[in-house]
Amino acid sequence: MAIEQDVLVIGGGLAGVTAAVSAARTGADVRLVSYKQPTLRHASGLIDVLGYTPDGEGPLVDPVAALDDLPEGHPYERVGEDAVRAGLALFDDLAGDTYEGNHTERNALVPTQGGRVKPTARYPASTAAGLASDERDALLVGFERLVGFDAPLSAAQLNAAGAPFEARGATVEFPVELSADPKVTRFAHLLDRDEAGEESQDGSVRRALAERVTTHLDGEARVGFPAVLGDDHPEDVRAALETHLGVDVFEVPMGPPSLPGFRLEDRLYDALDAAGVRIETGNPVVGYETDGRDDDLIEAVTVDRNGATVPYAAEQFVLATGGLVGKGIDSDREGVAEPIFDCHVTHPPDRYDWFEDDAFGDHRFARFGVAPDRELRPRDARGTVEFDNLRAAGAVLGNYDFAAEKSGSGVSLATGHEAGRLAGDDT
Amino acid sequence: MGATPTVLVIGGGSTGCGIARDLAMRGLSVTLVEQGNLTHGTTGRMHGLLHSGGRYAVADQASARECIQETRVLEDIASHCVEETGGLFVKRPEDSEAYFERKLRGCAECGIPTEVLSGREARQREPYLAADVDKAIAVPDGAVDPFRLCVANAASAQNHGARIETHAEVTDLLVEAGEVVGAEVTHESGPGKRTHGKAGTTEEIEADHVINATGAWAGRIGDMAGLDVNVRPSKGVMTVMNVRQVDTVINRCIPKGNADIVVPHETTCILGTTDEEVEDPEDYPEAEWEVDLMIDELSKLLPVLQEARTIRSYWGVRPLYEPPGSGTADSEDITRDFFLLDHADRDGLPGLTTIVGGKFTTYRMMAEELSDHVCDRLGVSAACRTADVPLPGSRDERVLDDAMDEFGLTSPVARRSKQRLGDRAPDVLDTDDPNPVVCSCEGVTRAELQDAIAGSGTDLNAVRIRTRASMGNCQGGFCAHAMADELHPEYDAEQASAALDDLYQERWKGQRHALWGEQLSQAMLTYALHATTMNRDEGGIAADETVDFAAFDGGTPDGD
Ligand SMILES: Cc1cc2nc3c(=O)[nH]c(=O)nc-3n(C[C@H](O)[C@H](O)[C@H](O)COP(=O)(O)OP(=O)(O)OC[C@H]3O[C@@H](n4cnc5c(N)ncnc54)[C@H](O)[C@@H]3O)c2cc1C
Ligand SMILES: Cc1cc2nc3c(=O)[nH]c(=O)nc-3n(C[C@H](O)[C@H](O)[C@H](O)COP(=O)(O)OP(=O)(O)OC[C@H]3O[C@@H](n4cnc5c(N)ncnc54)[C@H](O)[C@@H]3O)c2cc1C
């Protein structure tokens, strides 16, 4: 049986999901195929739109106001301000009350695990009470066996950064006996279940944790934990801790692996289901077929299912396979390529020109990706559209350094929404 | 003099640390100064081969004999730094049959045990060997951890009363009445452990005898006293793979050449090397073609290497010495032997001896010979004991297995810790505090890091070489910040942050040579984690601009 769709989206990260939902909302019949886990599982869960300009100016208070000055070819320049707003609006709709920040166009400054603050546009509800512009004093609490978040050190960094409140840090032993080296998900699941089921701990894990933290509280109005407060029931965990502690509780983003990322992924996949998108994960798209007459039109992509190659036909295709991390962009010693359609990826011929010597320099590799026209269709080296019915979205696009700009999720949302909408409209 | 003779050793590589230990054990009062951290020079940038002598068995039999002898000694006194991997000299169809026979004979003449294997037998040992490898000679090559061994020598010297100063550069030699009487030393952050942000100081250290063990830098120390010490530094590249494709040292059985050896080292394999004369031991080109050559040439022995992932490359400079008047054109032809230059005899300047050249494998023998010489000069009669007394960490393997179970570590982590710490493991790991793994790639726990920090202050690169933390596949991406956290609260936030920046930059330096395929993905992930999740690329606390916090979103008006 041939698999046939109006729109086929390749890649199940933030960009692919957004594209699939927005295509489905045009009435199209949509399928999404994704190989491995999306980058969301590594990412902090914050939804950045633009925190710094490509020249490093910032932190920006108003990300949208800065869009106009972006260089030609930047994904935001390609799709324009309306698409950025539309992408965010779609995200707000999908995320519902699990995210905040849409009450203003201004960026928020969120304390990071190392105690620096980072500008972002949307943040998980679990992080809301932690904003650095909030003037209430904060107690940060770390766990002895959870490395990467040293609460006293983070607090010292926040104070040194001039945050308008006093931060203090304390490190406590988690109230359940743990192995020397527990995974972050272990903390989350113990708090979800709220019972250790072991002799060492009777009753509520949440209450026991709160009791350990209370002794450290010294008038602070809010308490921050590393982002491990539950996987399946984060609201319950946080509410219980707030009740027991009598103050607001927030999470400091962590990762990888990132529980806020896991939670967002779950939420988005539920939304995909609800939108009627067919989802298939675990098999890679390995190539494509044209009908032989028109090389500019893709007839089907081929999926590798345990060694057998199966064609998936569709009218429109969206490439949302991610960048170097998601493996939508690949490289070897000789060059850089987009592996499925071999779309052109501009890169210096000598691999020693792909990076800078300074670890945080202006790395060329961070901007590797395909270069689309204003309808997000990838173009070849001469600037001609590669295929009439292929659009690209998210980190597979080039010409922006999401890490330096703090624009990763914003670009995936704006271009995902736009690519999905255009693909759906064209069917 | 009456009092204990004092000796100043310049250089904290294998040679200097070996000398410091030897002389301290003989009862002399020893100070060692090193401009960087221990192993900052060539010792920290070598290939990790414990030479059986097989490589020299044809061309330089004296060296070959020394190697097999010292390999046996190190297996005894430094068991926790040595892995007895064994080695193979493999012959490809196009390689000379006559040379294969000469290698075999040479080994026999030098007392190096050998076994000839057919191609099939060789592939049974190392399944990734190329299908057309004809045959191989098995020899007792090994792998050695230069960091651990060097630090163990320094620790032993300290236990015998020596003073070890790192981040202490000799900026001048003190010469009085035609005699070297000491050196002027600049401490980067004052004497004692490295501490970021602490002001530097200078100190004049006087000594009855000064030893120049600065390897490729020996000419510069010579210059300070107007002496001509002609060191010709020659660079070589080493490329680190992400996994251990082989468990045996693989040499190609050819007279000499570039890119002819693979050494298994901890969780990795290291490919090497090149031999190119350079002007400056600290500033030389690290070239792309060298990395390509390693992969392309060594793929002829191990075809998997062609597509395998490399995690970084690094270069070292050989401190090759040319006695005046030799005039050798090609650096590959300069002898690998070592030289002891008594400047009283050679230049009429007493109080200074230079030791240069040689190999890591024979460092102990070199140190012994030099120490004999210095003791002779100083009229001390004490015998060398370094071949018999085990180094710290290496005393008794057997007590360990039982002790390790007690520390609650999962078995792979416990095994790795034990390999690194040897018999110090019970002391280091015996803590009542929680002891999580901080570096997962290499299985390094908090207690081990704290032990290293106690020894080396805020210098996280020194912590790295002691523990291997941040040396695995992710090259510190997932753990560098957690390592810096370990500095707090003993050191403050600003110091922790500066220490992290230094470590992160050092890790980046080597990865630049491995940026394609998987490792480029890893590099992007690491960059994103540090720049995006942690915002470490944008002005930290030292930034002069202050942020207008009030201008940003402070949350929903009524909270949630
Ligand atoms: C460590 C880290 C921290 C980050 N922190 C933040 C942050 O704080 N804020 C922010 O806004 N952004 C952040 N980002 C950036 C943001 O996560 C990404 O830019 C964004 O998620 C990219 O989404 P995507 O859908 O384009 O790609 P991805 O999420 O990478 O998804 C690509 C998907 O395509 C699949 N795929 C690839 N090839 C194939 C194939 N051949 N066939 C089928 N499927 C395929 C992959 O398996 C994957 O599931 C961070 C990123 C990283 C790595
Ligand atoms: C590419 C390569 C691969 C090699 N592989 C092997 C191998 O596999 N097996 C083997 O046995 N040998 C090997 N060697 C040889 C071996 O590494 C060296 O012979 C040995 O490490 C030299 O040690 P050293 O202490 O003499 O010199 P170094 O380790 O260079 O020590 C000299 C020290 O002096 C310090 N110093 C310099 N100037 C000053 C100053 N003014 N003040 C204070 N300190 C100063 C330097 O910082 C340096 O740390 C290799 C060498 C190279 C280059």
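Which residues are linked with Glu297(B) and Lys300(B) in a network of salt bridges? The network joins Arg92(B), Glu94(B), Asp95(B), Asp132(B), Arg252(B), Glu297(B) and Lys300(B), where a salt bridge is a side-chain nitrogen of Lys or Arg within 4 Å of a carboxyl oxygen of Asp or Glu.

## Basis of the model

This is a predicted model, in which local features need pLDDT of at least 70 and side-chain atom pairs count only at pLDDT 80 or more, while totals for chains, interfaces and linings use all residues. Residues are numbered from 1 along each chain as its sequence is written, chains are lettered from A and ligands numbered from 1 in the order in which they are written, and side-chain values use heavy atoms, with hydrogens and water left out.

## Where the two chains meet

The contact, defined by heavy atoms within 4.5 Å, draws 75 residues from chain A and 62 residues from chain B. Between them the two chains bury about 6,100 Å², of which 60% is on carbon and sulfur atoms; buried area here is the accessible area (1.4 Å probe) that two parts lose on being put together, summed over both. On the side of chain A, the residues that lose the most area to chain B are Arg116(A), Arg333(A) and Phe360(A), which together make up 14% of what that side buries.

There are 29 residue pairs in polar contact between chain A and chain B, both residues being at pLDDT 80 or more. A polar contact is a pair of N or O atoms within 3.5 Å; within protein, one must be able to donate a hydrogen and the other to accept it, and residues adjacent in sequence count only if both atoms are side-chain atoms. Helix 4 of chain A gives the most to the side of chain A that touches chain B, with 5 residues, helices (H or I, at least four residues) and strands (E, at least two) being DSSP runs numbered from the N terminus.

## Salt bridges between and within chains

Over all chains the structure holds 79 salt bridges, and 8 salt bridges are found across the interface of chain A and chain B. Asp537(B) lies in the segment after helix 17 (517–533) of chain B and Lys406(A) in the loop between helix 9 and helix 10 (408–425) of chain A, so the pair joins two chains. Both Asp537(B) and Lys406(A) are buried, on a scale where buried means under 20% relative accessible area, exposed over 50%, and partly exposed in between (1.4 Å probe, protein chains only).

The structure holds 0 disulfides over all chains, a disulfide being a pair of cysteine sulfur atoms within 2.5 Å. For Cys474(B), the closest cysteine sulfur is that of Cys441(B), 3.8 Å away and therefore too far for a bond. For Cys269(B), the closest cysteine sulfur is also in Cys441(B), at 16 Å, which is too far for a bond. Cys474(B) is buried, with a relative accessible area of 5%, and Cys269(B) is buried, with a relative accessible area of 1%.
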